[in-house]
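Please keep the model in view while reading.

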Protein chains: 2
Amino acid sequence: MSEGPDQIDLSRVAVHTITCKPLSLRDLCEGLSARGFGGVSVWREAIDEAGGTAEAKAIVDGAGLRVPALVRGGFFVSADPEERATAIDENRRLLDQAAELGAEMVVIVPGSSSDVPLAEGREHVTRGLEGVLNHAENVGVTLALEPLHPMYAGDRSCVNSLAQGREICERLTGGRIGVAVDVYHVWWDPDLEREIAALGKAGLICAFHACDWLSDTQNRLTDRGLMGDGVIDVCGIRGMVERAGFDGDVEVEVIGERYWAGDQMAYLDQIAERCRSAT
Amino acid sequence: MSEGPDQIDLSRVAVHTITCKPLSLRDLCEGLSARGFGGVSVWREAIDEAGGTAEAKAIVDGAGLRVPALVRGGFFVSADPEERATAIDENRRLLDQAAELGAEMVVIVPGSSSDVPLAEGREHVTRGLEGVLNHAENVGVTLALEPLHPMYAGDRSCVNSLAQGREICERLTGGRIGVAVDVYHVWWDPDLEREIAALGKAGLICAFHACDWLSDTQNRLTDRGLMGDGVIDVCGIRGMVERAGFDGDVEVEVIGERYWAGDQMAYLDQIAERCRSAT
């Protein structure tokens, strides 16, 4: 833990629904509220499970929680122009849904396609974001562009570093866009501290996602670790984003099958403890 | 396939033993020789299977094949200074073994440890290489430093880009060191073309490894693809290294469990075909 920032107050921690996938939205929100967490970031699957956006909002509001993010839109890359246009339409609807839910942001997974070279894909992402930026402004929801780890370059994201995320945001005009810094995706980056500082200077850090990289990780989709169980200096990276001016929520997003097998309320206790000891 | 270079002549293609893992070294070498391949890069496991270095050399020589590389040494990163010293000793012995085998290079996997921050790990790698560089000169074997994909940063390599590999080589004095460009590890790098050109300018490209990234890849260890089965523009990257002055072997290194199940001689035919059509 390098240059440790202040210990986190749980009131500024939000947990992503996927983190406790086995729980219903209602049970998760009650569990979070009882432990003093401040928010919940909601995956679309959790809205479906709750029976719709209005129902989900009622649950979240009833628990007194904020919603940093609705997860997830984007997927702007395709060799087919019609598919690209459809993606823009879908993202507009997702922004509406986020507004209805009271979410501050929509997380944007950039997208990638085996038919589209990565550099060209980044053009699709830029054009896609451009196509929804006005709508984001109109509904008051921020687009959180999330660079994904290079191991997703083949199927999910042609934006694989903070630098690339910043470059795309800087090409767009309009304030409701920023970059989501997820430690899982960026921890290995030799330019990490410098890039976080550059993002901060440009006013572009809109989210901070915490989890860990397990050194014996078994698959690239659902084997992320809880903070403290892996190799990432999560606390050090939080220090970087806070020195760069970020004072928003710490979002705990652990897509980790290993943790779904156990008792989820005990897991929430553990998450709370790790927010204090390893984040 | 962008700016395609000339079609490869198989006489400048070597296949790594791991590519056809089910085959004995003898069967692999006979299969390669019969098809006109020029060489075989030998993993240590294949030497053990053959009964020792002298036996392996007899097999390779008998088939009329060259040996671009002995695979693999390195693993220089540890929080324990004794372990680091042991790694240097082991790499010296590996260089001796490579000389005995008649291999041009030893492939260096840099190493990484959950106890050692990545930047510090790169110091260990630099010091480790420094500790074997004279010996490499003495035995006439080149150290091929291989940057690995960022998804190995937690357990196998703190050197995750060509730029980092070049920086380490440039800090060392002595000619018998270079960077192995493996398309699997570097294809996603937005600076790829520029970095390959910089490596070439510095005279530091010592190897080119070909395989593919399967868009539905299931694990990060043994699910690599044959050229043409995935998303990498292998031919385009070969063009980059050749424009940068590289004229050495194309080494086919497919660590791909999917392919080990089938008939390996038919697979060698397929590899030959893909060297022509997709490399």
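Strand β1 (residues 13–16) and strand β8 (residues 250–252) of chain B pair in parallel over three bridges. B:Val13 stands opposite B:Val250 in β8(B). Strands are DSSP runs (E, at least two residues), as are helices (H or I, at least four), numbered from the N terminus. Strands pair if DSSP finds at least two bridges between them.

In chain B, eight strands form a closed barrel in the order β1-β2-β3-β4-β5-β6-β7-β8, with parallel pairing. The twist from one strand to the next averages 30 degrees.

## Model and numbering

This is a predicted model: local features need pLDDT of at least 70, side-chain atom pairs count only at pLDDT 80 or more, and totals for chains, interfaces and linings use all residues. Residues are numbered from 1 along each chain as its sequence is written, while chains are lettered from A and ligands numbered from 1 in the order in which they are written.

## Strand β3 of chain A

Seven of the eight residues of β3(A) (residues 67–74) are buried, meaning that 20 or more other C-beta atoms, placed from the backbone, lie within 10 Å of a residue's own. Two bridges join β3(A) to the parallel strand β2(A) (residues 39–43). There, A:Val42 has A:Leu70 as its bridge partner. Six bridges link β3(A) in parallel to β4(A) (residues 103–109), and one pairing is A:Ala69 with A:Met105.

## Chain contact

Chains A and B each give 17 residues to the contact, where C-beta atoms, placed from the backbone, lie within 7 Å.

Note on methods:
Two residues are in contact if their C-beta atoms, placed from the backbone, lie within 7 Å. A residue is buried if 20 or more other C-beta atoms lie within 10 Å of its own, exposed if 12 or fewer, and partly exposed in between; C-beta atoms are placed from the backbone. Axes are lines fitted to C-alpha atoms, for helices over the stretch in contact, and angles run from 0 to 180 degrees between N-to-C directions.
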